[in-house]
Amino acid sequence: MVAFAQISDIHIGGTPVSADRAAAVLRHVDSLGLDAILVTGDIADHALPEEYDTAAALMRVATPLIVCPGNHDSVPEFDKRIGPANQVLRLDEVTLALADSSVPGQAYGFLADQTLAWLDGVLAERPEVPAFVGLHHPPVPLGIPYVDEIGLREPERLAGLLARHPHVVAVLTGHAHTSAQTSFAGLPLVVAPGVVSTGLTSRETAEWIPIAYDLPPAFALHLFDGGNLVTHFRPIILK
Ligand SMILES: [Fe+2]
């Protein structure tokens, strides 16, 4: 059984509580003895060097950890202080690949040719080992208008790639600050909940409220036995 956590949207520097919430989640998931931790984007709220320094310190954990940028990030700064924008973790039982879907100056996402080429190459390395593909932007609408307008553009480019790699088990994203479960290209698509804030849909207005700090941060815990993927969504109770 492989067990790995997915946390998303820590937005360091975006609010006074971001670093504390991210620290609480990272400390907790690092204590679980998991095989890996994935962080699916929006690391530094303003893409400032000092925000990345804080994030890098928080992400210095014992568990193997990989991370990709989100729309709030800047790849040049990310590259300097966090690492490459595309990252892969090759475990015995699974390949975990995170791809950069950020577009400079834009909130929507897009997978550039070179990113797709990187992902294609990584997935081609070990076709016999199940793989998970992560990125920041969901490639399908979630029914949240604010988020759907800034989702992944031209998702068929990713779908075409996934069709060539039938060993991919699921696609994992962030960006919505709320957990969601759907499908994409015939695969499960799991959207991790947010750390810095948690989105709510107001019953009264059907408007999505992106900033709700009174709810706890949360993460996704993925369990994969080689056949089925089970995802648990877990809140962290802040002391
Ligand atoms: Fe975000």
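This is a predicted model: local features need pLDDT of at least 70, side-chain atom pairs count only at pLDDT 80 or more; totals for chains, interfaces and linings use all residues.

Me: Which residues coordinate the iron ion?
Reply: Donors are N, O and S atoms within 2.8 Å of the metal (3.2 Å for Na, K and Ca), and sites may look incomplete because water is not among the atoms. Along the chain the donors of the iron ion follow the spacing D-x1-H-x30-D-x134-H. At 2.1 to 2.3 Å, the coordinating residues are Asp9 (OD), His11 (NE2), Asp42 (OD) and His177 (NE2).

Me: Are Asp42 and His177 buried or exposed?
Reply: Buried means under 20% relative accessible area and exposed over 50%, with partly exposed in between (1.4 Å probe, protein chains only). Asp42 has 2% relative accessibility, and His177 has 9%. Asp42 therefore counts as buried, and His177 likewise counts as buried.

Me: How far apart are the end C-alpha atoms of helix H4?
Reply: Helices (H or I, at least four residues) and strands (E, at least two) are DSSP runs, numbered from the N terminus. The expected span of a helix is 1.5 Å times one less than its number of residues. For the 13 residues of H4 (residues 113-125) this should be 18 Å, which agrees with the end C-alpha atoms being apart by 19 Å.

Me: Which residues of H4 are buried?
Reply: The face of H4 turned away from its buried side carries the exposed residues Asp113 and Gln114. The buried residues of H4 are Thr115, Leu116, Leu119, Val122 and Leu123. They cover an arc of only 125° around the axis (taken from the directions from the helix axis to the C-beta atoms), which puts on the same side of H4 Thr115, Leu116, Leu119, Val122 and Leu123.

Me: Which residues of H6 are exposed?
Reply: In H6, Leu158, Leu161 and Leu162 are buried. They cover an arc of only 100° around the axis, which puts them on the same side of H6. On the other side of H6, the exposed residues are Glu156 and Ala163.

Me: Which residues is His167 in contact with, leaving aside its neighbours within four places in sequence?
Reply: His167 has its place in the loop between H6 and E7, and at 12% relative accessibility His167 counts as buried. Contact means heavy atoms within 4.5 Å. With those neighbours left aside, His167 is in contact with Leu123, Arg126, Pro127, Val129, Pro130 and Ala131.

Me: What is the relative accessible area of Val191?
Reply: Val191 lies in strand E9 (residues 187-191). Not counting residues up to four places away in sequence, Val191 touches residues including Pro138, Leu142, Thr173 and Phe233. Val191 is buried, and its relative accessible area is 0%.

Note on methods. Residues are numbered from 1 along each chain as its sequence is written. Side-chain values use heavy atoms; hydrogens and water are left out.
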